[in-house]
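Trainee: I'd like a close look at a single part of this one, please. Pick a spot and take me through what surrounds it.

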Amino acid sequence: MPHPPLVIDADSIRDRSFLYWLSVHYGHKVLPVIAYVESGLYFARKGGPVDDEDAVEERLQKFDDILRRAGVLVFPLNRAEVRNAVKSAVLVEGLPWAEHKMDHMIAGYAAIAPRVVVTRNKKHFEKMIPPDRLMDPYEVMDAWP
Amino acid sequence: MKRGAVQRNPLSPSLAYASFRVMELAGEGRDRLTNGIYFHKAMSLLHRRLGRGPSSIHLPHCWYFYGDEVIRSAMPYSVFWDHSDETLTRVGWRGSGSFSNFSGPAKYEIDSQLEEIVQEFPPGNDVLTQMIDAVYSYAPFDFQRKFRSLKGEFYDLVGSRVVFEEATPLLLRPTVSATLSSFPRNEVVFQAVTTFVPPIQATTEILLESNSGQKPAYEMLIDFWEFFCYHLRTHHRANEDAPGETLQFWEEQLDARRFDYLGLLGRKLTELQRRFPALQSSDSVSELSASWSEATSEFNELLKDPALEG
């Protein structure tokens, strides 16, 4: 049986061991564009001083290289996925849009079965994604060693 | 067509009308849910028969893993995909399907061609293989047709309940060789795929000489086909009326797909070399293993970046 598509949250993509696992795991591995922005920002800032555009560009090239070599694809949201994100923001209580934009957008992308959300913050998604399609990076690595 | 010139147009009357008519003729229920394969193939046949003349429906489509298929994101808004049954994708129509403003020769042409298609291929599961065959007859590359026949030969062996191990390797080896020899290796778009042809050919030929090597040979060919198809859909002969941004999106993915495939193949070959020592003497297999090792070392260096955790 093929592995389900993995939808990766920004907090998981910066985990070294998970990145290594991704590189040896063949399958559909997606970083939604909103998670790319968040993790790219983190990667650019954490790698040392980035005081000009060239330095930021260099950091982002390295980040892209890591994603490419791990076989991770950056996907935009299509119309159905964006609609799912809106539904999530409207219908899920306790996760206001202002603070949880990224969660709702990732959930919007992952709402379509059999996509699995990979996140360290399962609590943020448990009202939006069924438990069998919500895993943290370590559960994923254990499920498909 | 010039790249980027195509925009998704929800009001494109002939494409919307043709999509609706296929579902009206082949679909069921209020949403006219239609078997996804039937829809893709009927639209492809219709587009082919109407040609690029004044009655063209300008179908956004590309050749991919299962043959010619419509590009979903560029179809009219009223067309939707239903995934409620995980084993079968269906296509449906959202809305009334009123085309009172659409008339004239184009409508007549669409109606009469679709009537012929539905007569030739009455909706149902038993015509799907024939439809796929009909569509494959105009695939842009001979390699695609040869690969489909090759898959058929493997399926026949499985379908007739002949256990892989007992099947005669001699039956398959010439077909595999002829198929891989027909790979369009001079096409620039397939350059990254072409580099994998020699190790795949060497490996499958060695595997097919062994009684227990046919199943891994088949799996290796299917993986290769999948990798090829990611490139195929970006080739100018394998897509039409595709939005420029869609093509760009597909092209952007190719490098990540290459690393993913290189890793998969490298790991599989390492395991197969243990089971089939003859693979160790193949130069092209050794070269591929060396590229994989190099890519792995480079990746491990990248993982030392201080921004990463764990």
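Mentor: Let's start with a word we'll need: buried means under 20% relative accessible area, exposed means over 50%, and partly exposed is in between, using a 1.4 Å probe and protein chains only. Keep in mind that this is a predicted model: local features need pLDDT of at least 70, side-chain atom pairs count only at pLDDT 80 or more, and totals for chains, interfaces and linings use all residues. Residues are numbered from 1 along each chain as its sequence is written, chains are lettered from A and ligands numbered from 1 in the order in which they are written, and side-chain values use heavy atoms, leaving out hydrogens and water.

My pick is helix α1 of chain B, residues 13-26. Helices (H or I, at least four residues) and strands (E, at least two) are DSSP runs, numbered from the N terminus. The expected span of a helix is 1.5 Å times one less than its number of residues. For the 14 residues of α1(B) that should give 20 Å, and its end C-alpha atoms are 20 Å apart, which agrees.

Now for its setting. Of those 14 residues, 11 are buried, so α1(B) is largely enclosed by the rest of the structure. The buried ones include B:L15, B:Y17, B:F20 and B:M23. Among the elements covering them are α2 (36-50), α3 (105-120) and the strands β1 (34-35), β4 (79-82) and β5 (90-93) of chain B; contact here means heavy atoms within 4.5 Å.

Those three strands belong together: they form an open sheet in the order β1-β5-β4 of chain B, with antiparallel pairing. The edge strands, β1 and β4 of chain B, each pair on one side only. Strands count as paired if DSSP finds at least two bridges between them, and β1(B) and β5(B) are joined by 2 bridges. B:N35 has B:R90 in β5(B) as its bridge partner.

Rings of Phe, Tyr and Trp (its six-membered ring) pair if their centres lie within 6.5 Å; planes under 30 degrees apart are stacked, over 60 edge-to-face, and the rest tilted. The whole structure has 30 aromatic pairs over all chains.
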